[in-house]
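We will go from whole chains to single residues, one selection at a time.

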Amino acid sequence: MKNENIQQKNMILFVDDEKICHSLIDLIIPNFTKYKVINAYNGEDAVALGKRYANNLCLVLSDIMLPDFNGYVIYNIFKKNEKTNKIPFIFQSGIISQELELRKNLIDEAVEIIYKPYKQQELLSIISKVLDNPI
Amino acid sequence: MLDFIMNSIKQTMFMTQNFKNITDSMLFFAKMSHELKSPIHGIIGLSEYLMNNWNDIDNYKKKSCIDDLHSTVFDIKHLIEKLFQLTILTSNNIECNLEKINIIELIETVIEQNNRFVGNVSCSVLLESEYQKILINIDPFWIKQLLSNLINNAIKHSGAKKIKIKINCQKLGLGENLVISVIDDGCGILKKEFDSLFYPFQQGSNVNELLKGSGLGLSICKEIILAHNGEIWIENNQTKGICVNFSLPKSEVSL
């Protein structure tokens, strides 16, 4: 019973509209880290899952271009909610020129960006760096 | 393959010259590039994962990865084909080969082909017409393409279980028109999105992300109908789903 009350921060929210990218993350993260993945395919689902799992989320890994709204909109919604404002973000993008636009639109500019296509080790290193936790 | 893609890009550049301004054109290229790059990044990532971890992955996961790679490559092929079709249609390279065709027979053929290819999805497509024969001057290739796009949209992207195709004559603008309606009972579309869906890469916001298509189907339909001097529009059904109507000028019709 006691264990059930402990809310583990062991989930990574992955936001991307491409099914094959979810397949890849669903393989890498559970196999090479201690974290679980929850999947969102658009911004609206990401915000809803963020609220539902606020106590369990340790990280959001989000694409910038999404079908409904951009990744930085999700980020700013998370930052304005006291339950989710401490959850760190990593943005992934396929376009290097998006970084400037992204940083202009963020409340806190200190976020990590990883460029697609990335190597497994690059992803694991950046997750480890952001969570300050060797994987 | 590379030649094909380069030709498609050249044609697309020609097509975008018809856009109202440079922003429309840049937006189109940005969206096209995103739609092509995203799945390719996934393919690179997943194939590298397979190469690097091959001996540590069980057979079930290997098969699932290969299935994902295969279906993503087919999605890209489908997207390129649709882009090519849209490019041909918009750049005025299309020459409608008009033939006097019994459109009832043509619709029945499309329904039959569709039922054969849809396979295990349970969806019935019915034709409702008081006529057995309506002769009209159309290009059968493009009108078949249009009907297939509309039926596929309803089944694959809105999860419809019943589709009805209705034919009637209506007065639109100056003259009488043959109006064909594809009515589904799927998830529907928000009214504010009715017009924007005819632009490339626009999709209904309430469609399940996993069921989304190329976002080009309705823009292709619009270009086909414009080439036939007709109109195409969307309406909500009273109960559930939507109705996509297209008109063909009646001067070309003989009952």
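Predicted model: local features only at pLDDT ≥ 70, side-chain atom pairs only at ≥ 80, totals over all residues.

Two residues are in contact when heavy atoms of theirs lie within 4.5 Å.

**Stop 1: chain B**

Select chain B and colour by secondary structure. Walking from the N terminus, the order is α-α-α-β-α-β-β-α-β-β-α-β-β-β. Chain B has 255 residues, and 45% of them count as buried. Now think about contacts. Take those in chain B with a sequence separation of 6 or more: 67% of them are between residues 24 or more positions apart.

**Stop 2: chain A**

Switch to chain A. It has six helices and five strands. Here the elements run α-β-α-β-α-β-α-β-α-β-α from the N terminus. Of its 135 residues, 50% are buried. For contacts between residues at least 6 apart in sequence, 66% join residues at least 24 apart.

**Stop 3: where the chains meet**

Show both chains together. How many residues of chain B are in contact with chain A? The count is 21, and they touch 21 residues of chain A. The size of an interface is often given as the accessible area lost when the parts come together. For chain B and chain A that buried area is about 1900 Å². Carbon and sulfur atoms give 64% of it.

Two salt bridges cross this interface. Select B:Asp68 and A:Lys19. Their side chains form a salt bridge, with 3.1 Å from N to O. Stay on A:Lys19 for a moment. This lysine belongs to helix α2 of chain A, residues 19–32. A:Lys19 is partly exposed, at 44% relative accessible area. A:Tyr41 is 22 residues from A:Lys19 along the chain, and their C-alpha atoms are 8.1 Å apart.

**Stop 4: the aromatic cluster in chain A**

Over all chains, the structure holds five aromatic pairs. Begin with A:Tyr75 and A:Phe89. Are their planes stacked or edge-to-face? The ring centres are 4.9 Å apart and the planes stand at 80 degrees, so this pair is edge-to-face. Look at where each residue sits. A:Tyr75 is in helix α4 (residues 71–80) and A:Phe89 is in strand β4 (residues 89–93), both of chain A, so the pair ties together parts 14 residues apart in sequence. A:Tyr75 and A:Phe89 are both buried.

A:Phe91 is buried, as is A:Phe89. A:Tyr75, A:Phe78, A:Phe89 and A:Phe91 make up one aromatic cluster.

**Stop 5: charges over rings in chain B**

Go back to chain B and select B:Lys62 with B:Trp54. The charged end of B:Lys62 sits over the B:Trp54 ring, 4.3 Å from the ring centre. Then pick B:Lys222 and B:Tyr199. Here the charged end of B:Lys222 sits over the ring of B:Tyr199, 5.7 Å from its centre.

**Stop 6: the cysteines**

How many disulfides are there over all chains? A search of the whole structure finds zero. Check A:Cys58: its nearest cysteine sulfur belongs to A:Cys21 and is 20 Å away. A:Cys58 is buried, at 9% relative accessible area.

Now select B:Cys65. A disulfide needs two cysteine sulfur atoms within 2.5 Å. B:Cys65 also counts as buried, at 2% relative accessibility.

**Stop 7: two backbone details**

Switch to a backbone view. Most residues other than glycine have a negative phi, and most peptide bonds are trans. Two places are worth a look against that background.

In chain A, zoom to A:Lys116 and A:Pro117. The peptide bond between them is cis, with omega near -5 degrees. A:Pro117 is in the loop between β5 (112–115) and α6 (120–130) of chain A.

In chain B, zoom to B:Asn229. This residue is not a glycine, yet its phi is positive, at about 60 degrees. B:Asn229 is in the loop from α6 (217–227) to β6 (232–236) of chain B. Is B:Asn229 buried or exposed? It is exposed, with a relative accessible area of 63%.

Technical notes: Residues numbered from 1 in each chain as written. Chains lettered and ligands numbered in written order. Heavy atoms only, no water. Phe/Tyr/Trp six-rings, centres within 6.5 Å; stacked < 30°, edge-to-face > 60°. Helix = DSSP H or I, 4+ residues; strand = E, 2+ residues; numbered from the N terminus. Buried < 20%, exposed > 50% of the residue type's maximum accessible area, 1.4 Å probe, protein only. Lys NZ or Arg CZ within 6 Å of the ring centre and 35° of its normal. Buried area = accessible area lost by both parts, 1.4 Å probe. Salt bridge = Lys/Arg side-chain N within 4 Å of Asp/Glu carboxyl O.
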